[in-house]
Amino acid sequence: MTILAKYEELTQIYDGENSQVYSARHKEDGQPVILKVLKTEYPTPDQLRRYRQEYHLTHQLQLPKVIKSYGLEEWQRTLVIIFEDFGGISLNQFLKQYPQGLPIDQFLILAFKLANALGQIHSQSIIHKDINPHNTVFNPETKILKLIDFGISTQLSRENPALQTPSALEGTLPYLSPEQTGRMNRALDYRTDFYSLGVTFYELLTGRLPFNSDDPMELVYCHIAKQPAPLIEAKNGQIPKMIGEIVNKLMAKNAEERYQSAWGLKADLEECWAQWERKSTISKFALGRLDIPDRFQIPQKLYGREREIKLLLSCFDRLTNADLDKDNHVAELILVAGYSGIGKSAVVRSL
């Protein structure tokens, strides 16, 4: 008996590049479920690894704001994950009802729920790495919101993303943090999720992305170097200035300038909600008053190696500007030496 034979009323609700998603009902007990099927006929070991990782993470977490997984089954040459079905739709689908963006009261409710969900997974040392409206499921009737798609999530406290072509980057390009592009000479930590959350907030408020392009390299450039159009201008002043400042803080190019904890973000959103509910406006207040990081983060700036970096760069410039047609042109090899832990790798990586 195949895994799909155990279910009835299969209805496809998503057909993506890598997976197909069905709503279904278990024949024996009538329980509604979601089936996520790896779409490739001959999946690679990496695709199978991601599916297994997604199942094990969601099964192990058991958090209120994370989708529950019931099982992982083999089917033909691929895998099927069985998830709970709580009657939700993706925030991307929900947003289609509001092409100009959500009303402020609805946005604040969803923003608080998203910040709470992020706080829950960060408290378990999980970096999601793909926060966006497609990977957030919301039930408009019960107001329950849960995060999904943990296929590229990690339990490492820090990663060094490799330099890759935009098409090979992990995550959804319009929502990637600058450091997740692999072009920022920075390690990636949990604060990458805050940038992606900021892009999500921008889209929820305006109905459009802060950076929109069909050219992947242009999107990478925008994330690294461009500032989005101010939110206060995006909807003719209908978005309170303080909400715009919260989104700007989330979308800061350097991780040190973003929120350092989901709890600090929640506190600012609570203040916005309290003021909006009381007087339908939000007065200026200091952001990040309760934003106390729950882990020690050393800034990723390199100190005290200006002379060494200047020497290495001068050698590089001399060789790249040399006349290749001359017979006396030679190649050079530079060795960086020093005691263990003195910072050789950090210097080389900074170049």
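Rings of Phe, Tyr and Trp (its six-membered ring) pair if their centres lie within 6.5 Å; planes under 30 degrees apart count as stacked, over 60 as edge-to-face and the rest as tilted. This is a predicted model, where local features need pLDDT of at least 70, side-chain atom pairs count only at pLDDT 80 or more, and totals for chains, interfaces and linings use all residues. Residues are numbered from 1 along each chain as its sequence is written, and side-chain values use heavy atoms, with hydrogens and water left out.

**Exercise 1.** Find how many aromatic pairs there are by this rule, and work out which kind F94 and F138 form.

*Solution.*
- Step 1: Counting by the rule gives 4 aromatic pairs.
- Step 2: For F94 and F138, the centres are 5.3 Å apart and the planes make 70 degrees, which is edge-to-face.
- Step 3: Now place them: F94 sits in helix α2 (residues 91–95) and F138 in strand β7 (residues 136–138), so to speak distant parts of the chain, 44 residues apart; helices (H or I, at least four residues) and strands (E, at least two) are DSSP runs, numbered from the N terminus.- Step 4: Ring pairs also bring in Y98, giving a cluster of F94, Y98 and F138.

**Exercise 2.** Explain why the pair Y190 and F194 is edge-to-face, and say whether Y190 is buried or exposed.

*Solution.*
- Step 1: The ring centres of Y190 and F194 are 6.1 Å apart and the planes stand at 75 degrees, so this pair is edge-to-face.
- Step 2: Buried means under 20% relative accessible area, exposed over 50%, partly exposed in between (1.4 Å probe, protein chains only).
- Step 3: Y190 has 2% relative accessibility, so Y190 counts as buried.
- Step 4: F194, at 0%, counts as buried too.
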